[in-house]
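Biologist: I have a model open and would like to go through it with you. Can we take the ligands and then the sheets?

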Amino acid sequence: MIIGVPKEIKNHEYRVGMTPASVRELVNHKHSVLVETNAGIGIGFTDEDYTAAGATVLATAAEVFAKAEMIVKVKEPQAVERAMLREGQILFTYLHLAPDLPQTEDLIKSKAICIAYETVTDNRGGLPLLAPMSEVAGRMSIQAGARALEKSCAGRGMLLGGVPGVAPAKVVVIGGGMVGTNAAQMAVGLGADVTVLDRSVDVLRRINAQFNGAVKAIYSTADALEQEVLAADLVIGGVLVPGAAAPKLVTKDHIKRMKPGSAIVDVAIDQGGCVETSKPTTHADPTYIVDDVVHYCVANMPGAVPRTSTFALNNATLPFIIRLANKGYKQALLDDQHLMNGLNVINGQVTNQSVAEALGFTFVEPKTALNA
Ligand SMILES: NC(=O)C1=CN([C@@H]2O[C@H](COP(=O)(O)OP(=O)(O)OC[C@H]3O[C@@H](n4cnc5c(N)ncnc54)[C@H](O)[C@@H]3O)[C@@H](O)[C@H]2O)C=CC1
Ligand SMILES: CC(=O)C(=O)O
Ligand SMILES: [Mg+2]
């Protein structure tokens, strides 16, 4: 198969779909890999590194899209990239379609086979291609939140861990999954007073055991959530209903009543955000203020630490890329229900139920759409 790796074009996005080491694996499996010039330059991979791994370097994204049978990316395709997709071409990347009608419409129009990293599942109930980036974003959320609490960012002017004689900041993490657990780990490490809210009792049990009681694990009713958020110095939004738009758990009214100078890092912003006042921001201009609450809503947080993130992402995606290339998309999907769960749009049909429901499209069973 001919696999194409374009350079990412989202604001301050330096990750790349395949490292030279991943390219070498595909070449060893007798596939061809086309890489756009400078695709990995932001993390120190030169065109020569890719050539040495067996890739062919092309001058433009247009050439990569025109020649490749499968495009491997990191972020959702931007409008100019969507315009280059074609019928029958495989797109393997993050998509986050539920809150993004224009993208979904373009992918439908393209008739491409669009497999989203974030809805691929595993047999332990996890999301193996989202998990590595959630680990990164969860850990980063505390760095971002700590910065947002500084006075120069219009924060309360608090140190997360306090100092001897001064109480630490109160950090409230909504959602105790991958993002939430990693956020809690970093916040506890810095000495903050940490509470995690989740609506899964199993998740709360795991948090309790993992942190040996150092993190409060609270069942997320509307009452508990309101009480915790209003008392918080820093709120981390890390909820997910896979494929679906994030529920708006923190309301405009909560924001009005939160402490002036408190901060929110809404990691769930890539699924639309779990805070009513959230809107996507970029690494170039990551925060804004609503009712004296600092909001950080960067939708590609791992893009800020692209070396760590690219390696972590490739570790997870490589086996799937190899299977798609070796078997072709149809057989690879039919052989693996977990990969099939990643199929969001194919040949103009929406095959993810949550996406279809969120945006008002007809849902078509993936197997039906595949055999059409
Ligand atoms: N902004 C960014 O750069 C990044 C964003 N993300 C996003 O972060 C979000 C969280 O991802 P993960 O931690 O991997 O998901 P996960 O599935 O591991 O955890 C989500 C947790 O939310 C809980 N939850 C769902 N509804 C809830 C509710 N109403 N109240 C309380 N808890 C609720 C679930 O029980 C689960 O424990 C996703 O939207 C993901 O796409 C992930 C990586 C990077
Ligand atoms: C998951 C995601 O949105 C990211 O890594 O950018
Ligand atoms: Mg306020």
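Modeller: Start with ligand 1: one of its oxygen atoms is 2.7 Å from an N or O atom in the side chain of D198. Keep in mind that this is a predicted model.

Biologist: Which backbone atoms have an oxygen atom of ligand 1 close by, and at what distance?

Modeller: A polar backbone atom of M178 is 3.0 Å from an oxygen atom of ligand 1. For A299, a backbone N or O atom lies 3.2 Å from an oxygen atom of that ligand.

Biologist: How much of the accessible area of ligand 1 does the protein cover?

Modeller: On its own, ligand 1 has 870 Å² of accessible area, and the protein covers 89% of it.

Biologist: How many residues are around ligand 1, and which come nearest?

Modeller: There are 26 residues around ligand 1, and the nearest are S134, V179, D198, D270 and M301. By type, the shell has 15 nonpolar, eight polar and three charged residues.

Biologist: Which helix gives the largest share of that shell around ligand 1?

Modeller: Helix 6 does, with three residues. Helix 6 spans 131–148 and helix 7 spans 178–189, and each supplies at least two residues of the shell.

Biologist: Now ligand 2. What surrounds it?

Modeller: The residues around ligand 2 are R15, K75, Y94, H96, L130, M133, D270, A299, N300 and P302. Five of the shell residues are nonpolar, two are polar and three are charged.

Biologist: Which domains does the shell around ligand 2 draw on?

Modeller: Domain 1 (2–119 + 306–371) and domain 2 (131–299) each give at least three residues to the shell.

Biologist: Change of topic: strands. Are the residues of strand 13 buried or exposed?

Modeller: Strand 13 covers residues 293–296 and has both faces covered. V293 and H295 on one side are buried, and so are V294 and Y296 on the other.

Biologist: What sits between strand 12 and strand 13?

Modeller: Two residues, as the strands form a hairpin. D291, in the turn, has a positive phi of about 50°.

Biologist: What about the sheet with eight strands, which order are they in?

Modeller: The order is 3-2-1-4-5-6-14-15, in an open sheet with mixed pairing. Strand 3 (56–58) and strand 15 (349–350) are the edge strands, each pairing on one side only.

Biologist: Parallel or antiparallel: how does strand 3 pair with strand 2?

Modeller: Parallel, over three bridges, with strand 2 made up of residues 32–36. Across that pair, L34 stands opposite T56 in strand 3.

How values were computed: Residues are numbered from 1 along each chain as its sequence is written. Chains are lettered from A and ligands numbered from 1 in the order in which they are written. This is a predicted model: local features need pLDDT of at least 70, side-chain atom pairs count only at pLDDT 80 or more; totals for chains, interfaces and linings use all residues. Side-chain values use heavy atoms; hydrogens and water are left out. A residue is near a molecule or strand if one of its heavy atoms lies within 4 Å of it. Ala, Val, Leu, Ile, Met, Phe, Trp, Tyr, Cys and Pro count as nonpolar, Asp, Glu, Lys and Arg as charged, and the others, Gly among them, as polar. Domain bounds come from an automatic or database domain assignment. Buried means under 20% relative accessible area, exposed over 50%, partly exposed in between (1.4 Å probe, protein chains only). Helices (H or I, at least four residues) and strands (E, at least two) are DSSP runs, numbered from the N terminus. Two strands pair if DSSP finds at least two bridges between them. A polar contact is a pair of N or O atoms within 3.5 Å; within protein, one must be able to donate a hydrogen and the other to accept it, and residues adjacent in sequence count only if both atoms are side-chain atoms. Accessible areas come from the Shrake-Rupley method with a 1.4 Å probe; for residues, only the protein chains shown count as cover.
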